[in-house]
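Please keep the sequence and the structure in view while reading.

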Amino acid sequence: MSAVAARSSALPTWLTRPNPLWLAVPGLLFLAVFFAYPVAQLLSLSVRHPETGAFSLAAFQRIANTDVYLRVLGITFKIAGNTALWSLVIGYPLAYWLARMPEIFRGRMLLFVMVPFWTSYLVKTFAWMIVLGRSGVINNLLTGSGLSDQPLDLLHNEFGVMVGMVHAMVPLAVMTMLPVMLGIDRRLVQAAQTLGASPSRAFWQVYFKLSLPGVTAAGLLVFISSLGFFIVPAFLGGRRETMLAQLIITQVQELLNWAFAGALAAMMLATALIACWIYDRLFGISTISGGSAQEGRGRIRDAGLAVLNGLAIVSSRIADLSRRVVGKRGNALALPVFAWIVIAFLVLPTLLVIPLGFTSSQFLEFPPPGYSLRWFESYFASPLWISATIRSFLVAAATAFLATCIGGFAALALAHSRTRWGGLIFAFFLAPMIVPRIVIAVGMFYLFARLGLVATDLGLIIGHTVLAIPFTMVTVAAILKTYDQRLDQAAATLGANRVRTLAFVTIPLVKGGLIAAFLFAFITSFDELTIAIFVSGGIKTTLPKQMWDDMILQLNPTLAAVSVVVFVVVTCLLLLAERFRRAS
């Protein structure tokens with residue numbers, strides 16, 4: 001017995017006393033195999049000759065020597081940059097207004113941001129096609145009221161793309177900025193005013209400066225997310241608004257040119273990484289997770305303070321002029337009025353689709369000439385639509401279960417572990433949210449084609465799980481921040497091992513957060529299109545993929561009926577998720 005005891009005491013402590021970090025190992029392996037490896041393999045294809053397999057930079061040379069590809073690259077950066085700028089300009093006042101509201105009202109108002117955020121990009125894009133079309137809502141109002149003699153060109157141009165992109169990204173910007181604003185002590189602004197600062201100077205040089213980590217994090221996330229967009233420019237833009245993701249899809253699906261698709265994906269990923277590097281140098285990458293911003297470096301800090309001082313002076317003069325014109329009460333109403341206009345911009349386009357789903361006309365016209373259930377009957381009577389819907393539900397349920405288990409265990413591991421690798425592991429689990437989704441999808445398609453997982457439900461579940469893991473981990477991690485770990489210690493003191501403590505103490509107490517994470521993952525999978533385009537194939541189609549195919553062919557009222565179904569499902573699930581998340 002003494003020899004056995006001596007031998008066991010000689011073993012490393014990580015074997016005799018397991019670290020909680022082991023709970024993250026399944027997730028690390030899963031992401032390494034189905035996320036990191038496919039992306040790395042796709043990037044490696046960009047530097048190989050398609051025939052010999054030897055090292056070659058021909059694909060990059062082709063990009064550099066072709067004006068069309070350089071122009072598309074410039075258009076992509078321009079649209080992504082403008083989207084980030086306008087999302088911040090529009091979203092900041094809304095986030096500021098929400099942050100000033102009492103918590104009970106803020107939770108209700110936040111739903112007006114959450115619902116558009118989780119609503120399918122296809123549904124939102126379809127809504128804007130109805131609103132901005134030549135026979136759409138806006139043109140009908142303009143021509144019917146006599147304000148315009150002929151319909152305006154609001155679609156298939158840069159204006160249409162920017163409207164759709166900003167509409168899709170403003171909720172992301174608001175949800176990124178709001179937590180930082182909620183952490184700012186309002187008494188600091190009051191103290192600045194007590195010391196003689198004007199309201200404008202106190203806002204810009206105190207409040208705005210403290211909120212800058214959220215602003216810059218929102219700008220970075222919106223910019224990177226916009227780089228990989230293809231749904232909005234495909235339907236709302238024209239040839240001049242072609243983005244990089246659309247070229248990648250063409251190279252893979254139509255030309256099967258993996259080397260060139262890999263080169264385009266490498267350029268997109270490099271741009272995202274460079275943006276992260278610049279952001280880290282200027283503000284510190286920790287601000288994305290709510291950390292404090294760096295003070296700045298020399299001239300950059302001085303220039304930033306000078307800009308804030310200039311903004312304070314300009315806004316102070318504008319406020320004085322506005323006060324003279326509309327009075328103090330009218331000035332105070334400016335922010336709520338602007339916030340409600342932004343909320344209307346986010347919510348109304350999708351709501352306009354609902355009456356179109358009940359139209360009696362064979363065409364999409366607003367307002368409908370009459371109402372009928374014929375298009376819902378057409379949807380429920382179609383084996384193709386019903387098969388796609390059932391598959392979406394089944395895949396989403398399996399994805400939600402798998403992603404919640406992986407993300408939940410990872411969050412639990414990081415919450416209980418004090419390892420120096422925690423930050424790196426956390427970043428790796430968040431990586432699928434940062435890397436452009438089109439890059440992940442193409443990499444998976446190349447891997448799954450060799451594994452026989454294309455056009456299978458398993459392939460869809462794996463792909464959707466990779467995208468859903470960040471959402472589940474962040475949701476569970478937020479719940480665990482308020483969890484009292486002394487309860488686990490008390491259970492251990494009473495003789496419970498780690499498995500029993502986890503099963504009978506931890507999980508029951510955080511089950512609301514787990515259910516919320518499950519529902520968020522379900523919505524992520526149910527609405528997902530990018531992975532489905534490549535992995536679902538022509539047979540194992542999902543509901544978003546079937547909507548995509550129909551929208552490419554022709555817009556019809558059946559699509560409106562399907563959009564209503566998707567909108568109702570997502571909204572109900574989101575309301576349930578928020579209820580469970582707040583109850584936990």
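Helices are DSSP runs of H or I with at least four residues, and they are numbered from the N terminus. By that numbering, alanine 490 lies in helix α23, which covers residues 486–493. The model is predicted, and its protein chain holds 28 helices and zero strands.

**Chain as a whole**
- Of the 584 residues in the protein chain, 50% count as buried.
- The protein chain exposes about 28,200 Å², and carbon and sulfur atoms supply 66% of that area.
- Among contacts in the protein chain with a separation of 6 or more, 76% are between residues 24 or more positions apart.

**Nonpolar core**
- The largest nonpolar core has 184 residues, of which Leu94 and Leu98 touch the most other members.
- Helix α5, made up of residues 67–100, contributes the largest share of this core, with 16 residues.
- When residues up to four places away in sequence are left out of the count, leucine 98 touches Arg106, Met109, Leu110, Val113, Val174 and Leu178.
- As general background, nonpolar side chains tend to be buried together in soluble globular proteins.

**Alanine 490**
- Alanine 490 has a relative accessible area of 37%, and because partly exposed is the class between under 20% for buried and over 50% for exposed, alanine 490 counts as partly exposed.
- Valine 505 is 15 residues away from alanine 490 along the chain, and the C-alpha atoms of the two residues are separated by 10.0 Å.

Notes
Residues numbered from 1 in each chain as written. Predicted model: local features only at pLDDT ≥ 70, side-chain atom pairs only at ≥ 80, totals over all residues. Heavy atoms only, no water. Core = buried A, V, L, I, M, F, W, Y, C linked by side-chain atoms within 4.5 Å. Buried < 20%, exposed > 50% of the residue type's maximum accessible area, 1.4 Å probe, protein only. Helix = DSSP H or I, 4+ residues; strand = E, 2+ residues; numbered from the N terminus. Contact = heavy atoms within 4.5 Å. Areas by Shrake-Rupley, 256 points an atom, 1.4 Å probe, with all protein chains shown as cover.
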